[in-house]
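Here are some notes to read alongside the structure. Please keep the viewer open as you go through the points.

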There are 2 protein chains.
Amino acid sequence: MDRRGVVKAMAGATLGLAGANARSGPVNAAEQEKRVRAVVDGYQTAWNASDMDAMRALYDTRVHWVNIVGMHWQGIADVDRAHRAYFDQMFRGVPITLEAIESIVPIGDGGSIAVIRWAVGAYRTPGGHMSPPGRNRMSLVLMPHGDELRILHGANVEIVAAAQAFDPITRKGD
Amino acid sequence: MDRRGVVKAMAGATLGLAGANARSGPVNAAEQEKRVRAVVDGYQTAWNASDMDAMRALYDTRVHWVNIVGMHWQGIADVDRAHRAYFDQMFRGVPITLEAIESIVPIGDGGSIAVIRWAVGAYRTPGGHMSPPGRNRMSLVLMPHGDELRILHGANVEIVAAAQAFDPITRKGD
């Protein structure tokens, strides 16, 4: 395949995926960081207001979510329903606070993978266990919709405090 | 921007990202599943053989990894070093078994996000805690290098058995 053919095939692949998304070409690192921060700020605001409509608006329709105890929800209807159930049961009034956007790694077509560190207040689980204040690391795969990013995948991991001293890389708390 | 301009911009964005990757155009779902399965099989084989060279070969050089207790390793050197340390300390001889590739969601440029469910044998943590046999859900962001996929991001979450009965979506064990 000559260069013209390669370019055509790649453009086809990109356009084929664009579908509902209306992608808008290359994005520089500063602009991408701004877009990631907008999602993260939106997430924090939606969480702290228990505003599940605002949270739903952050999702790509194809979103998958793996929550902190390993449940896997597939598609916006289930991800939305599960979050509403858990805010009714335990998260309403439990504060989250952004500690850091630790990394932003670009993927194709203006998307990014971001790792976010959150502080989370205490809450009582549906099983009756009292979870003390702690910290989570959330991996988000973010894909563009026009000029903003939406969440295509979330995986949220508890930062087990007692384990952090054994991190082979940092050998410290974070 | 006219259509020709849009195509040119998108091709530019794709080619700009291609860099070291040598992308190869659109991939159908069956072929993509085969490529995902090859990475997952490779991961299982490398893990069960404690073969950290084989595991390293699965990574994109830009790989990030969030492990099951929330440590965040950034770049292939640290991800590789951390895995070698943990295989020396605790994982050598601990079996993992694939339970399911639960989902494959395509992202741009022939990449995918896959969620994998693993059964993991018992092991003793560096802190001396005995972790019983259990299950994990691993989110992998996979990006193409030629005709194969490599791991650009991994986030591994313990499936907390006692919590699964409270899943608002499944209301069952998985």
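1. Helices here are DSSP runs of H or I with at least four residues, strands are runs of E with at least two, and both are numbered from the N terminus.

2. A word on the ground rules. This is a predicted model, in which local features need pLDDT of at least 70 and side-chain atom pairs count only at pLDDT 80 or more, while totals for chains, interfaces and linings use all residues. Residues are numbered from 1 along each chain as its sequence is written, and chains are lettered from A and ligands numbered from 1 in the order in which they are written.

3. Now the overview. Chain A has four helices and eight strands, which follow one another from the N terminus as α-α-α-β-β-α-β-β-β-β-β-β.

4. Six strands make up an open sheet with mixed pairing, in the order β2-β1-β8-β7-β4-β3 of chain A. Two strands pair if DSSP finds at least two bridges between them. At the edges sit β2 (72-74) and β3 (96-106) of chain A, each pairing on one side only. From one strand to the next, the twist averages 20°.

5. Look next at β1(A), residues 59-66, which pairs with β2(A) in the antiparallel sense over three bridges. Trp65(A) stands opposite Trp73(A), and His64(A) has Gln74(A) as its bridge partner. The two strands form a hairpin with five residues between them, and Gly70(A) in the turn has a positive phi of about 85°. β1(A) also runs parallel to β8(A), joined by four bridges; Val66(A) stands opposite Ala155(A) there.

6. Contact means C-beta atoms, placed from the backbone, within 7 Å; angles run from 0 to 180 degrees between N-to-C directions of axes fitted to C-alpha atoms, for helices over the stretch in contact. Helix α4 (residues 76-91) of chain A lies across β1 and β2, at about 60° to β1(A).

7. How far does α4(A) span between its end C-alpha atoms? The answer is only 19 Å, whereas a straight helix of 16 residues would span 22 Å at 1.5 Å a residue. That expected span is 1.5 Å times one less than the number of residues.

8. Finally, two loop residues deserve a look. Most residues other than glycine have a negative phi. Ser50(A), in the loop between α2 and α3 (52-56) of chain A, has a positive phi of about 50°. Ser50(A) is partly exposed, because 16 other C-beta atoms lie within 10 Å. Asp109(A), in the loop between β3 and β4 of chain A, has a positive phi near 60°. Asp109(A) is buried, because 25 other C-beta atoms lie within 10 Å.

How values were computed
Two residues are in contact if their C-beta atoms, placed from the backbone, lie within 7 Å. A residue is buried if 20 or more other C-beta atoms lie within 10 Å of its own, exposed if 12 or fewer, and partly exposed in between; C-beta atoms are placed from the backbone.
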